[in-house]
Amino acid sequence: MTTGAVNENILSDSATSPNPKPTPSQLVTALQREHSHWVTEIIEAHGEVTAIVPRLHVAEICGALKTGADAKFDFLADLCGADRGVEEEPRFEVNYHLFSTTRHHRLRLKVLLDEGNVHVPTVTGVWRTANWHERETFDLFGIIFDGHPDLRRILLPDDWQGYSLRKDFPLRGYEPYSLK
């Protein structure tokens, strides 16, 4: 199924509605209808739309949302990680905050990761700015972006042990802390 087919369905749905511009919710619903394995859940809360997507298809989904005629999510506003806690499974999530500069739509994609497998494909081929965001997420959470062109620490020293934003990281680090 091509992105064009997804756009045709969105257009036919939006032509009968009073709002000719599809909303992010309509875009994600159409994407889910055309590619049922791409979107596992859609959450609408507080005026925001979040689509839970599987790690294996995140780069394809991002490419379709960037180039789709109705979507045009041409700006990756943010990509960040989150540690839900050592008692949670899946423990980690990667959030992609997308924005369309022409349609003025916002959309969040969320990938959930088990503690035993923190690998997700890179989206640097879709948005160049993902390079920095993915390096930051790797540096602070230890999430590995497969296919990233230069995945290395960006904020912490190269010899830093561990990932400082994980919830199991000691608040004062591993070295003795001195207030002097």
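Student: How do β4 and β5 pair, and over how many bridges?
Tutor: They run antiparallel, with 8 bridges between them. Keep in mind that this is a predicted model. Within that pairing, His-97 sits opposite Arg-108 of β5.

Student: And what's in the hairpin between the strands?
Tutor: There are 6 residues between β4 and β5, and His-104 has a positive phi near 60°.

Student: Is β4 mostly covered or mostly open?
Tutor: Mostly covered: 7 of its 8 residues are buried.

Student: Switching to charges. How many salt bridges does the structure hold?
Tutor: 9. One of them joins Arg-108 to Glu-48, with the closest N and O atoms 2.8 Å apart. Arg-108 is in β5 and Glu-48 in β2, so this pair ties together parts 60 residues apart in sequence.

Student: What does Arg-91 pair with?
Tutor: Glu-115, at 2.7 Å between the closest N and O atoms. Arg-91 is in the loop between β3 and β4, while Glu-115 is in the loop between β5 and β6, 24 residues apart.

Student: Is Arg-91 buried or exposed?
Tutor: Buried, at 0% relative accessibility. Glu-115 is partly exposed at 39%.

Methods
Residues are numbered from 1 along each chain as its sequence is written. This is a predicted model: local features need pLDDT of at least 70, side-chain atom pairs count only at pLDDT 80 or more; totals for chains, interfaces and linings use all residues. Side-chain values use heavy atoms; hydrogens and water are left out. Buried means under 20% relative accessible area, exposed over 50%, partly exposed in between (1.4 Å probe, protein chains only). Helices (H or I, at least four residues) and strands (E, at least two) are DSSP runs, numbered from the N terminus. Two strands pair if DSSP finds at least two bridges between them. A salt bridge is a side-chain nitrogen of Lys or Arg within 4 Å of a carboxyl oxygen of Asp or Glu.
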